[in-house]
Amino acid sequence: MQYVFNMKYRNLTAGNIGEFMRLSQEQVLDIDLLDRDIKLLSMWHGKPTDYFDSMNFAEINEHRKELYKLLTEYPNSRYEPVFKVKGYKFVCLPNINTIKVKHERSLQILNLNDSNLYDLLPYIVAIFSDQKKQWFKNQLTFDERVKLFKDHLPADIAIGIALFFCAASKAIEPHVLTYLESLSDQLMKEAEAVIKASETDGE
């Protein structure tokens, strides 16, 4: 039997990546390990646990191998200054120099730290992005945008936006900045290339 996997962090959303990361890092007894892995696979594939319970051991173990392989890597991220979620279009701030006091204040209220970064992804993205006007779409409130991002924004896009802007923020504690900067060096280079390319396309 040939197995086809789609095991990318993109399959997770900004709303469940935090729970997924916590669960993956929990220390569990060997007897509970299969149950934990099935919960992780269920979140990853967006399928009920019954889907994996009905597999034989050869099938489930192939899935677990791919799961363990990915868990050795840091969640992939990519910076997308323009993105769509369920037909709604959003645009991030043009660059870090356009961060205003209101953005810093909103970020400060979140009390961001290295243990809650993933849980706060939907809020961070809502702070640093604006909804584009579309005649066929209603304008969402901040809370409605947060819920939309929680439920439907791919985790890799949310992580990319959060790292890009938070690493440049003055509202975050120094030790958290050090943590973010260690994750975002390569992302910043990639984001700068994306921005430069978009500016060239617009000329």
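Buried means under 20% relative accessible area, exposed over 50%, and partly exposed in between (1.4 Å probe, protein chains only). By that rule Asp-37 is buried, with a relative accessible area of 0%.

## Basis

This is a predicted model, in which local features need pLDDT of at least 70, side-chain atom pairs count only at pLDDT 80 or more, and totals for chains, interfaces and linings use all residues. Residues are numbered from 1 along each chain as its sequence is written, and side-chain values use heavy atoms, with hydrogens and water left out.

## Sheet

Helices (H or I, at least four residues) and strands (E, at least two) are DSSP runs, numbered from the N terminus. Two strands pair if DSSP finds at least two bridges between them.

An open sheet of 3 strands runs in the order S1-S2-S3, with antiparallel pairing. Strands S1 (82-85) and S3 (129-131) are the edges; each has a single partner strand, so one side of each lacks a neighbour in the sheet. Neighbouring strands are turned by 30 degrees against each other on average, direction ignored. Axes here are lines fitted to C-alpha atoms, for helices over the stretch in contact, and angles run from 0 to 180 degrees between N-to-C directions.

## Strand pairs

S1 and S2 are joined by 4 bridges. Val-85 sits opposite Tyr-88 in S2. The two strands form a hairpin with 2 residues between them, and Lys-86 in the turn has a positive phi of about 55 degrees. S2 (residues 88-92) is joined to S3 by 3 bridges. There, Val-91 stands opposite Asp-130.

In a regular strand the side chains alternate between the two faces of the sheet.

## Salt bridges

A salt bridge is a side-chain nitrogen of Lys or Arg within 4 Å of a carboxyl oxygen of Asp or Glu. The count is 5. One of them pairs Arg-22 with Asp-119 (2.8 Å, N to O). This pair links distant parts of the chain, 97 residues apart: Arg-22 is in helix H1 (residues 17-25), and Asp-119 is in the loop between helix H5 (101-109) and helix H6 (121-127). Arg-22 is partly exposed at 45%, and Asp-119 is partly exposed at 33%.

Lys-65 meets Glu-62 at 3.5 Å, N to O. Both lie in helix H4 (residues 57-71), 3 residues apart, so about one helical turn separates them. Lys-65 is exposed at 54%; Glu-62 is partly exposed at 26%. Elsewhere, salt bridges that share partners join Arg-36, Asp-37 and Arg-64 into one network. Within it, the closest N and O atoms of Arg-36 and Asp-37 are 2.9 Å apart. Arg-36 is buried at 10% relative accessibility.
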